[in-house]
Amino acid sequence: MHPEKQKHDFEPKIIAFVCTWCTYAGADLAGTSRMQYPSNVRVLKFPCTGRIDPVFILKAFQQGADGVLVSGCHPGDCHYIAGNFHARRRFATFRKLLEFVGVDLQRLQFSWVSAAEGGKWVEMVTDLTERVRGMGPMVEFKELAMEEQWSGAINTEELKEAYEAI
Amino acid sequence: MTMIDTTSYTLISEAIKTEAKRILTDGTVTAVVGYAAARRKGSVQPIVITTPEDADKLLFSKGAVNNLAVYLTKAKKEIPKTGRIGIVVKGCDLKALVGLMGESQLKRENLYLIGIPCSGVLGSIIQPDTELTEDTIAPKCLECDVHMPTGCDFIPQGAPITPELEKKYAAEIARLEALTPAERWSYWKEQFSKCIKCYACRQVCPFCFCEQCLCDRNKPQMVESTPRPAGNFAWHVIRAMHLAGRCAGCAECERVCPMDIPLNLLNRKMAKELKELYDHEAGLEINEKGPLSMFNEKDDQSFIK
């Protein structure tokens, strides 16, 4: 009944921060309509996109996400009237900051998905998953997390020299 | 090498003394926050005076680098909160005060502003007795647009002389922007891994006045508190984000950083982006809402699908 699941070498982890009123309902619609989309996505539900702090995105990358999707109501449809307008400015700014410190913005996707757009949700998730799969794992933050402040090496030339000098 | 003329600072110092004495005597203010000579020759430290006799201690010189606005925030509790307070401000410090007023941290009527026609200050006070030149001037002064503050209660006579010099931040931002993301990542990784998490940048920032910083919270812990590269990276990114659209560009964070991380570079970059995106610039006009606490329905959303 189900199509044969394709095997991949790399399964990216995608974190989706969604607003409960539009995108979560949209994802729900995709589910109840029995649409297929990659299971790589982990959905986190928030009251509103305005609640999604840029620090969550950073944290997601640090905790091992390969891609992040942020999605909420279309402008003008916010349940809290203006939450997504505020979020839009914040994310526009945060994107520029991430770009400046050298994060590849291809891994970060913002979208508006309404409660009726189950199809668009499937498309968003599939697009991002495939794009991130093509890019490979997000190694920058993982390497950073593994690193220690100092090299940890205690037998460098510099240190030896300093030791001899004492 | 271009020298910067600071001879006017002597007359400015005299004018500050006279004015401070006057306002303390007639009871206009209860305290004056200003600069006084410190121990080493040429070095200057912040001082709070409450009596007219102490007014003679006040001065202004090329070593007066500190942004005194930080002493008026609620994070600093040393200064009496009753009555009007006099404060000596350079243009950049005034921008910070204006920002604080916009965020309802201070009231204009509670302040007596003594503005300085400032030609620039030293970038570092490690050698406070050096001449003010193209090389020793603080990089922020090269991009300063408020040498002559406006809207103050008192401004001493004097016209700042400011030769046109190379804008170091603008040049450095342009250099970094031209790199690939991977190169930028390794640049910042190297810079941030120097960080020892002393939080001097937070301590000195007039806008870091939160009762509890997000980065100090551990339930949930959003930013690793140990000085490891991962935590450092998060801290600096979040610091830049929280100051976006608020930073007045006093560059105190960069000056106090013991590890010489170019912190103001991030702040300048964010200021540049907000100027491009929302036409916002830190200035001398009190705005109740910053660029990130308001919106326009027609904001750019080309990055959102």
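Tutor: Start with a strand pair: β1(A) and β3(A) run parallel and are joined by 5 bridges. Strands pair here if DSSP finds at least two bridges between them. Elements are DSSP runs numbered from the N terminus: helices are H or I with at least four residues, strands are E with at least two. The model is predicted, so local features need pLDDT of at least 70 and side-chain atom pairs count only at pLDDT 80 or more, while totals for chains, interfaces and linings use all residues. Residues are numbered from 1 along each chain as its sequence is written, and chains are lettered from A and ligands numbered from 1 in the order in which they are written.

Now β3(A) itself. A:Gly67 of β3(A) is the bridge partner of A:Ile14. β3(A) covers residues 67–72 and is joined to β4(A), also in parallel, by 5 bridges. Within that pairing, A:Val68 stands opposite A:Leu108. A:Ser71 has A:Ser111 as its bridge partner in β4(A).

Zoom out to the sheet. It is open, has 4 strands in the order β2-β1-β3-β4 (chain A), and pairs in parallel. β2 (41–46) and β4 (108–112) of chain A stand at the edges; each has a single partner strand, so one side of each is left without a neighbour in the sheet. From one strand to the next, the twist averages 20 degrees. Axes are lines fitted to C-alpha atoms, for helices over the stretch in contact, and angles run from 0 to 180 degrees between N-to-C directions.

How many residues of β3(A) are buried? 6 of its 6 residues are, so to speak, under cover. Buried means 20 or more other C-beta atoms within 10 Å of a residue's own, exposed means 12 or fewer, and partly exposed lies in between, with C-beta atoms placed from the backbone. Both faces of β3(A) are covered. A:Gly67, A:Leu69 and A:Ser71 are buried on one side. A:Val68, A:Val70 and A:Gly72 are buried on the other.

Helices lie across this strand. Helix α2 (residues 54–62) of chain A lies across β1 (14–19), β3 and β4 of chain A, at about 150 degrees to β3(A). Helix α4 (residues 118–135) of chain A lies across β1, β2, β3 and β4 of chain A, at about 165 degrees to β3(A).

Next comes the core. The largest nonpolar core has 134 residues. Such a core is a set of buried Ala, Val, Leu, Ile, Met, Phe, Trp, Tyr and Cys residues joined through C-beta atoms within 7 Å. Those with the most contacts inside it are A:Val68, A:Leu69, A:Leu97, B:Phe60, B:Ile87, B:Val88 and B:Val237. α7(B) gives the largest share, 9 residues. Domain 1 (8–142) and domain 2 (168–278) of chain B both give residues to this core, so it lies between them. These domain bounds come from an automatic or database domain assignment. In soluble globular proteins, nonpolar side chains tend to be buried together.

Leaving aside neighbours within four places in sequence, B:Val237 is in contact with A:Leu58, A:Leu97 and A:Val101. Contact means that the C-beta atoms of two residues, placed from the backbone, lie within 7 Å. Overall, 35 residues of chain B are in contact with 34 residues of chain A. On the side of chain B that touches chain A, α5 (181–193), α7 (229–243) and α9 (263–278) of chain B each supply at least two residues. α7(B) gives the most to this side, with 8 residues.

Finally, the domains of chain B. The centres of domain 1 and domain 2 of chain B, taken over C-alpha atoms, are separated by 26 Å. 18 residues of domain 1 of chain B are in contact with 15 residues of domain 2 of chain B. α2 (91–102) and α3 (139–142) of chain B each supply at least two residues of the domain 1 side. α2(B) gives the largest share of that side, 6 residues.
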